[in-house]
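Hello,

Here is the structure I promised to pass on to you. Have a look through it first, and then read my notes below.

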Amino acid sequence: MPSVHRLMAAHIALTGAACCLYLAWPGLRQPLWAVVVLAGAVAVVLGVRTHRPGHRWPWLTLAAGLTVVAVGGTRAHVQGAYVQVSGPAPSPVDAFGLVAYPLLALGAFGLVRYRRGGRALPGLLDALMVTTGLALVGWIHLVEPLATRGGLTWQQRALALAYPLGDMMLLAILARLLPPRPLSGRDRAAGLLVLGTVALLLFDLAAGILLLDGGMPSGALPGFGWILLCTAWGAAALDPSMTGPATPRPPPRPLPGPRVRLVLLALATLVPPAFLLVERQADRIRGAAVPAALACVLFLLVVLRLAGVAAAHPKGSAHERVPRTPPRAKDPHAAGEAYFRTLLSSTSDVVLVVGDDSTVRYASPSARALFGRPEVAGNALRDLIDPQDRQRVDRTLAALDGGPGRDVHDHWRVAGRGGLVEAEAHCRDLRTDESVGGLVVTLRDVTEQRKVRHELSHRALHDPVTGLPNRTLLLERIGRALLRDRRESSLACVLLIDLDDFRTVNETLGHAAGDRILKAVGARLSETLRRTDTVARLSGDEFAVLMEEARQPLDAELLAEQVIQVLDRPFELPEGPVHVSAGVGVATALDSADAEELLTCAGLAVYAAKSAGNRQWRRFVPRLRVRGAERHDLHARLDRAIAREEFALRYQPVVDIAGGQVIGFEALVRWPQARCGLVSPVRFIPLAEETGHIRPLGAWVLRKAAADMARVQQSADGGAAPYISVNVSGRQWQDIGFLDEVRRAVATPGLAPGSLQLELTESVLVRRDDRLDQVLRSLKELGVRIAVDDFGTGFSSLRYLRDFPVDILKIDKTYIDDIPRDPRQAALVRGIVSLARTLGLQIIAEGIEQRRQRDLLTAMGCRFGQGYLFARPMTVEQSAVALRRHYGDPFHSDVR
């Protein structure tokens, strides 16, 4: 609290400067004295307004007493300086001083009363007894011996004694506030109160003694005592610990037992007779009226004190006996207040007691760690809370005004030392409970719990790779957008984005690079959209965009075109630039008013876009539902076909272009359907890849092709046995049981050794995989040949031709088609053939359909080829016949 420290520094600086002037210029002493005393009263009032203690009237009473003293001093200055009137003591000025002492004593009594929780009366009686005893001693030894000495009246001597006795009474009362360490931060205010009173007492005693000895004390002597008192009391009121003296607190040390208290009371009662006896022996007793009156007063105080001791003795004895027995688990209240303080000091929860003015009157020890400040008591509760939650604090405290015993729960953020702390607040109104008398606020640090809860909630609604919303959160937002469309004239649109050939990126560059691509795609989409739109990741390579508040479907179509262009730019990765295109499907709230169905419509649209090729978008139209139903039906029939092995194999010959003989066959899978005829591989192969059915289907193809080729080889009339080439999907190469399947195929009875050839695409080889390398080398040990299919259409690299045991390169049909018309294409094919010859690899040209293509390839040195020019795919029976035909007389099969 910087403002409090500035006020205290200003107060001390003001009084310090006044003290210097007070000592240096005697003519200014009286007005400076009045200014300092009045400044002390003002400091007390400012401290009350700043710290807002639970009980203000004791402090305000002290301020009133200081004001009376200042008024008396001011009146004396005016009377002496301007009116030129100087009356003998006692004067009206002394009347102000004597009136101030009861006010000061009343304020000190109020502080002790609230500190001791209603046990201040015994302390007041003790203070009065001490004061009365000292008054009796002072009268007998100081006042009475000088009664015959001239120059001073007895009123003046009594007045000289009255000021120190008033100081002693204040000191005796305030001493009840002293803790074990009076100047510690927690109880600095109480220590400053007592320190100022002690200073005043010492200076008043010195002034009184000088006056009784016949000399007039210097005007600086008694006034300086008041200056020190006002300085100390003003600093005490401005210190944050000023709320402590009016806050209930148990005694800092055990109270004396009943026997000790009786001995002290007995000694107090023996003071008057002892002094009278001593004076009688010395024959110095001259007047007994005043000593007798003081003795009566003292006896009366002793009797009242004894009555209080007798009334409190049974309760106090029981309370003192409790700590001697250990607390029992069945009765946790048996250990009393000390037991509960031990519990509060050992718990991490913070317990606060808040007064009616929202000021913290008590704070458990754990409050220091939570709030990050040494002193919590005395601060307003809302000042301890983060500014953004202070209105919540006000509402919570207002809710407790509904009646006693109410409970209110809330969550507040606390500005702790290490940053904001999430706290769970439990507030209960115990103002009607005399033992508490305030609002009990329990705070529990739930920062980590809320972080974990937020993390779990975030994981449940967001994609772990990209951090984007997932399907669940997207559907929730689509539902809200559709509800908003019913109330407003807006249109919600959904775009489903499917990346083209993303599986190839995973297979070639690895899943880590694939994850980086997904993050980059999500970031690029987020930069493209408006703040009101939502981008989500649904599955492996599927993203979705919710476009809210569109005016017409055209807005979504334009966004689809923009998404395609944005994703068409290459992504820069450590592995190099990667190109990833996408297909987009568009659906609007006009297509469906249900979130799930709207997303399904977008899925049908994106499937239509993917069927049209890469970098395409399609808008949903009702007929796509029919296509979707057909695709679903195809999926179901594919499941049954794989289970029943309803597929068939066709074999396309591979010929020696130069010699004209058939040297092998490539196995091609076909799916005949009695209901709709032959299903095109273009339809069911991608579906099998997508659904994972390619693995059991590929295993069946491998077994069936090996068995059929064994039959063909047995029917051949001598010569070299033809080989069988089987395409293997990238998913099959990753299958743990794939190598065993190949071993069983190689062991097929009748199959010639070394006649099995497996084809794989470049995308499988480009990915550096130790397991794939091991599988390939194991296959080579089995005598299996490895061919790279569709060479030149994928991630072509010379590295895998060096690192992997490749035997054959198959040039894709797209390279062969244009070699008669395009010289550059012919040169490219010539280079591939030359490269293969240099590396010692066989070369096979695919898709030869024209004689001109055959002749050019022969001239280039390409020895082997396949295509419709030689033969279409055929059955196993026709394959045996094809072995006896010459390439110059192409075999035309009617089987597709």
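Let's begin with the cysteines. This is a predicted model, and a disulfide is counted where two cysteine sulfur atoms lie within 2.5 Å. By that rule the count comes to zero disulfides. The cut-off for buried is under 20%.

Next, please turn to helix H30, residues 823-839.

Which residues of H30 are buried? They are Gln825, Ala826, Val829, Ile832, Val833 and Ala836. Looking down the helix axis, you will find these buried residues within an arc of 120°, so they line one face of H30. The general idea is that an α-helix has 3.6 residues a turn, so residues three or four places apart point the same way. On the other side of H30, Pro823, Arg824 and Thr838 are exposed.

The buried residues of H30 have several packing partners, including strand E18 (785-791), helix H29 (813-816) and helix H31 (851-860).

Finally, look at the two ends. Asp822 caps the N-terminal end of H30, with a side-chain oxygen 3.1 Å from the backbone nitrogen of Arg824. Just after the helix, Gly840 takes a positive phi of about 75°.

Happy exploring!

Methods. Residues numbered from 1 in each chain as written. Predicted model: local features only at pLDDT ≥ 70, side-chain atom pairs only at ≥ 80, totals over all residues. Heavy atoms only, no water. Buried < 20%, exposed > 50% of the residue type's maximum accessible area, 1.4 Å probe, protein only. Helix = DSSP H or I, 4+ residues; strand = E, 2+ residues; numbered from the N terminus. Arc of directions from axis to C-beta. Contact = heavy atoms within 4.5 Å. Polar contact = N/O pair within 3.5 Å; in protein donor to acceptor, adjacent residues only side chain to side chain.
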